[in-house]
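The sequence and structure come first, followed by the findings.

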Amino acid sequence: MHMKPSKICVLLFLILIISPVSSLTIHFLDVGQGDSALIEHNGHTMLIDAGDMDAGPGILSYLKSQGIKSLDVLVSTHPHTDHIGGMSDILNTLPVGLYVDNGATHTTPAYRNLEKALIKKQTPYATATKGDKIPFTDDITIRVTSPDDLSGDMNEDSLALLLTYGDVRIFFTGDCESCDASCDIVKLAHHGSKGSATRAILNGDTPDCAIISLGVDNEYHYPAPSTMNALKKAGVEIFRTDEEGTIVVRTDGKKYWFL
């Protein structure tokens, strides 16, 4: 059950006292016009995407501020530069237990830097498709819901990941506008583009909250007005990194709240 931000002031203190040490925390990082999300649970860490080419130092600084000195898993949803730009900085700086992507390649400098860093660091590497589970912790399931096969459309071929912890479900879409899953919180596809909510997310079970990762005054004029209108009409609460900075969610598997 989602608790509105206005209620947090009274409830947060009590929640922090009674929450078990196994609480799950997700940080939707403010990386400008790009995507990056950090997952923490029981001392284990996963980073999904790493923003644009200039995002690496900021992500590393944030990880350091959280006391994180290594990553168990680093996931690339797809090889567009605004999702993998900071990957080489991450790999060259921190120990990474496993790197996972969808198997798609690219010809950009960001992708070449990523390849070089993976080879240099000899990072264990795996590809994933629909039905696979990303290894993390015993009581959290991170299941790949898409793609079945690569179509050549890099956005739609994004690894879409459904995280389940107890009764709480969080959906990471990458940039796949046609991907959908029953969830409580969705990281909206493609920075709030025109089809990011209307193509799939609002056609099935409507989530309580949508996270939109995007840059201030970005050149694409995201989020699209039609997307914002559709989300508001459906009663979905919207959180935007361009307005709020890094967005942090914590859950005990029964409830979730924004910090």
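With a relative accessibility of 4%, Cys183 falls in the buried class. The model is a predicted one. The closest cysteine sulfur to that of Cys183 belongs to Cys209, and at 9.7 Å it is too far away for a bond; a disulfide would need the two sulfur atoms within 2.5 Å.

Cys209 likewise takes part in no disulfide, the nearest cysteine sulfur being that of Cys183, 9.7 Å away. Cys209 is buried, and its relative accessible area is 0%.

## The disulfide

A disulfide is a covalent bond that joins the sulfur atoms of two cysteines. How many disulfides does the count give? The count comes to one. Cys176 and Cys179 form this disulfide, and their sulfur atoms lie 2.1 Å apart, which is within the 2.5 Å cut-off.

The torsion about the S-S bond of Cys176 and Cys179 is about 80°, and the disulfide is therefore right-handed. Are Cys176 and Cys179 buried or exposed? Both Cys176 and Cys179 are buried.

## Aromatic pairs

Two values describe a pair of aromatic rings: the distance of the centres and the angle of the planes. The structure contains five aromatic pairs. One of them is formed by Tyr99 and Tyr125, with 5.8 Å from centre to centre and 25° between the planes, and it is stacked. The angle of 25° is under the 30 degrees that set the limit for stacking.

Where in the chain do Tyr99 and Tyr125 lie? Tyr99 is in strand 5 (residues 96-101), while Tyr125 is in strand 6 (residues 125-127), so the pair ties together parts that are 26 residues apart in sequence. As for accessibility, Tyr99 counts as buried at 0%, whereas Tyr125 is partly exposed, with a relative accessible area of 43%.

## A second stacked pair and a cluster

Tyr220 and Tyr222 also form a stacked pair, because their ring centres are 5.5 Å apart and their planes meet at 20°. In this pair, Tyr220 is partly exposed, with a relative accessible area of 45%.

Which residues make up an aromatic cluster? Phe239, Tyr256 and Phe258 together form one such cluster.

How values were computed
Residues numbered from 1 in each chain as written. Predicted model: local features only at pLDDT ≥ 70, side-chain atom pairs only at ≥ 80, totals over all residues. Heavy atoms only, no water. Buried < 20%, exposed > 50% of the residue type's maximum accessible area, 1.4 Å probe, protein only. Phe/Tyr/Trp six-rings, centres within 6.5 Å; stacked < 30°, edge-to-face > 60°. Helix = DSSP H or I, 4+ residues; strand = E, 2+ residues; numbered from the N terminus.
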